[in-house]
Amino acid sequence: MQQWLILGAAICFEVIATSALKASEGFSKFWPSLLVVVGYGLAFYFLALTLRTIPVGIAYAVWAGVGVALITLIGWLVFNQTLDLAAVIGILFIVTGVLILKLFSSVSA
């Protein structure tokens, strides 16, 4: 269970860094740019820790899938980006795939 909490931390730091990347406006703003560097550093550090016990394909699929869903939600809520029906359905497929991997795969630690 601890490895999944660590993966959750990696996902959170990646989402923070990606949101700050948008806010940095091409690295022209100092604080958001600093948050990008620190956030991605911590995200990859925690992702690397999870790879001790979770297979790389499973860890990366969960990290990427949950990250995409959260970034899409933040883009919609914070940056007022629009989502059409195809985008929502696509995100739901990604989340469904992650859930299938976690709940039914015998290789997900």
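Is F13 buried, partly exposed or exposed? F13 is partly exposed, because its relative accessible area is 27%, where buried means under 20%, exposed over 50% and partly exposed in between (1.4 Å probe, protein chains only).

1. Basis of the note. The model is predicted; local features need pLDDT of at least 70 and side-chain atom pairs count only at pLDDT 80 or more, while totals for chains, interfaces and linings use all residues. Residues are numbered from 1 along each chain as its sequence is written, and side-chain values use heavy atoms, with hydrogens and water left out.

2. Overall fold. The protein contains four helices and zero strands, in the order α-α-α-α along the sequence. Helices (H or I, at least four residues) and strands (E, at least two) are DSSP runs, numbered from the N terminus. The C-alpha trace spans about 45 × 35 × 15 Å along its principal axes. Of the 109 residues, 29% are buried.

3. Surface and contacts. The accessible surface is about 6800 Å², and carbon and sulfur atoms account for 75% of it; the areas come from the Shrake-Rupley method with a 1.4 Å probe, and for residues only the protein chains shown count as cover. Among contacts (heavy atoms within 4.5 Å) with a separation of 6 or more, 66% join residues 24 or more positions apart.

4. Helix 2. This helix covers residues 30-50, and its 21 residues should span 30 Å at 1.5 Å a residue; the end C-alpha atoms are 30 Å apart, which agrees. The expected span is 1.5 Å times one less than the number of residues. Buried positions in helix 2 include P32, S33, V36, G39, A43 and L47. The buried residues of helix 2 pack against helix 1 (2-23) and helix 3 (56-77).

5. Nonpolar core. A nonpolar core is a set of buried Ala, Val, Leu, Ile, Met, Phe, Trp, Tyr and Cys residues joined through side-chain atoms within 4.5 Å. The largest one has 13 residues, and W4, L7, I11, L47, I54, V62 and W63 have the most contacts inside it. Helix 1, helix 2 and helix 3 each give two or more residues to this core, with helix 1 providing the largest share, five residues. Leaving aside neighbours within four places in sequence, L7 is in contact with L47, T50, I54, A59, V62 and W63.

6. Aromatic pairs. Rings of Phe, Tyr and Trp (its six-membered ring) pair if their centres lie within 6.5 Å; planes under 30 degrees apart count as stacked, over 60 as edge-to-face and the rest as tilted. The structure holds five such pairs. F13 and F46 are stacked, at 5.7 Å centre to centre with 5 degrees between the planes. This pair links F13 in helix 1 to F46 in helix 2, 33 residues apart. F30 and W31 are edge-to-face, at 4.9 Å and 75 degrees; F30 is exposed at 55% relative accessibility, and W31 is exposed at 64%. Ring pairs also link F13, Y45 and F46 into a cluster.

7. The side chains of K29 and E25 form it (3.2 Å, N to O). K29 is partly exposed at 40% relative accessibility. E25 lies in the loop between helix 1 and helix 2 and, although not a glycine, has a positive phi of about 50 degrees. N80, in the loop between helix 3 and helix 4 (85-104), has a positive phi near 55 degrees and is exposed at 63% relative accessibility.

How values were computed. Salt bridge = Lys/Arg side-chain N within 4 Å of Asp/Glu carboxyl O.
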